[in-house]
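Subject: Handing over the structure

Hi,

Here is the structure I said I would pass on to you. Have a look at it first, and then read on for what I found in it.

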Amino acid sequence: MLRPKTRTLALFPSIFPNFLTGQTPSHPNLHSIKMSSQTQTQTIEHVVLFKVKENADPSQVDAWLHALNGLISLDQVLHLSASSVFRNRTSSSLSFTHILHSRYSSQNHLAAYSAHPNHVSVVKEYQPLIEDIMAVDWVFVADDLHVAPPPPGSAIRVTSLKLKDNLGDDVKAEILGGIKGIKDRFGEISQFTFGENFSPGRAKGFSVAWLSVFPGRSELEKVDGNEDLVILEEKVRAFVENEVVVDFVVPSPKSASV
């Protein structure tokens, strides 16, 4: 049985040597990370996790996914895909069955998408299907901000962290610096973005998230078997209260409602 925090956070001991040795953090502080991202072209990740009710009519769930994927036609949307989750891992009681991932060129465009009548209509019509929901939004802080939409068939892993209260900026900066190094350690990752959540309303206290795109499920599962994925040292784990990890495959346009 998979133990909480074994798969994703486990690669932090080698990325976060300062946590293990007690040395002064070598990464820039949180403020400087934020400031550096502000000098680059802004791109927004929007991730919504859903738990569909167990007794939901499958045909209604298919219709809901089809309607969500249809929102790609809205002018504000750079990329959008909605799909079922094929793997869900959490260190809390949270559990999700479906995901919507989309991208926008600005927070204003995300707000316009959220308020668009087509989006509002889909939300209202299919709300009875949903038992629980969680959403996180962040600004790209990856080096390459001109990331193409993940192609159909790509496997995506989204990881969200709820950090413990009252962590200092140096600790948060060390965490973000460590996350930034993940892509360099795993060549299977074709796209990688991360950041701090800026929409706390539906985030359930989760404040940091990252998204890894793989060419397919086999590449994602290859990373799962990497020897670097070992149990976190207690000193690192102490900074994290909860985590949620979901894996899904980007649907093709013809199968988006499946």
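I picked K204 because its phi is positive, at about 55°, although it is not a glycine, and because it counts as partly exposed at 33% relative accessibility. N166 also has a positive phi, of about 65°, without being a glycine. You will find N166 in the loop between β6 and α7 (169–180). With a relative accessibility of 82%, N166 counts as exposed.

The average pLDDT of the chain is 81, and 74% of the residues score at least 70. Over residues 1–17, the pLDDT is below 50, and this stretch has 53 contacts in the model beyond near neighbours in sequence. Residues 229–234 also have a pLDDT below 50, with 19 contacts in the model beyond near neighbours in sequence. Where pLDDT is low, the predicted coordinates should not be read in detail.

**The chain as a whole**

The chain has 258 residues, of which 49% count as buried. Its secondary structure comes to 10 helices and 9 strands. If you take the contacts between residues at least 6 apart in sequence, 84% of them join residues at least 24 apart.

**Salt bridges**

There are 8 salt bridges in the structure, and three of them are described here.

The side chains of R103 and E45 form one of these, at 3.1 Å from N to O. This pair links distant parts of the chain, with R103 in strand β4 (residues 98–104) and E45 in strand β1 (residues 44–52), 58 residues apart. Are the two partners buried or exposed? R103 counts as buried because its relative accessibility is 3%, and E45 is buried too, with a relative accessible area of 0%.

Next comes D247 with R87, where the closest N and O atoms are 2.8 Å apart. Here too, distant parts of the chain are linked: D247 belongs to strand β9 (residues 240–249) and R87 to strand β3 (residues 87–90), 160 residues apart. D247 is buried, with a relative accessible area of 1%, whereas R87 is partly exposed at 22%.

Then there is K162, which forms a salt bridge with E241, the closest N and O atoms being 3.7 Å apart. K162 lies in strand β6 (residues 155–163) and E241 in strand β9, 79 residues apart, so this pair links distant parts of the chain as well. Both partners count as partly exposed, K162 at 22% relative accessibility and E241 at 37%. As for shared partners, salt bridges join R87, R157 and D247 into one network.

Now turn to helix α5 (residues 107–115) and helix α6 (residues 117–126), whose axes come within 5 Å and cross at roughly 55°. Because of that angle, α5 is oblique to α6. Which residues meet in this pair? Y113, S114 and A115 in α5 are in contact with P117, H119 and V120 in α6. By class, this contact has 4 nonpolar residues, 2 polar ones and no charged ones.

**A loop residue worth a look**

Finally, take V77, which lies in the loop between α4 (58–69) and β2 (79–84). Is V77 buried or exposed? V77 is buried, because its relative accessible area is 9%, under the 20% cut-off for that class. Leaving aside residues up to four places away in sequence, V77 touches L71, I72, R103, Y104 and Y113. Two of these names have come up already: R103 is the partner of E45 in a salt bridge, and Y113 is one of the α5 residues that meet α6. V77 and L110 are 33 residues apart along the chain, and their C-alpha atoms are separated by 7.9 Å.

That is the tour for now.

Best wishes

Notes
Residues numbered from 1 in each chain as written. Predicted model: local features only at pLDDT ≥ 70, side-chain atom pairs only at ≥ 80, totals over all residues. Heavy atoms only, no water. Axes fitted to C-alpha atoms, helices over the stretch in contact; angles between N-to-C directions. Helix = DSSP H or I, 4+ residues; strand = E, 2+ residues; numbered from the N terminus. Parallel < 35°, antiparallel > 145°, perpendicular 65-115°, else oblique. Contact = heavy atoms within 4.5 Å. Nonpolar A, V, L, I, M, F, W, Y, C, P; charged D, E, K, R; others polar. pLDDT = per-residue confidence, 0-100. Salt bridge = Lys/Arg side-chain N within 4 Å of Asp/Glu carboxyl O. Buried < 20%, exposed > 50% of the residue type's maximum accessible area, 1.4 Å probe, protein only.
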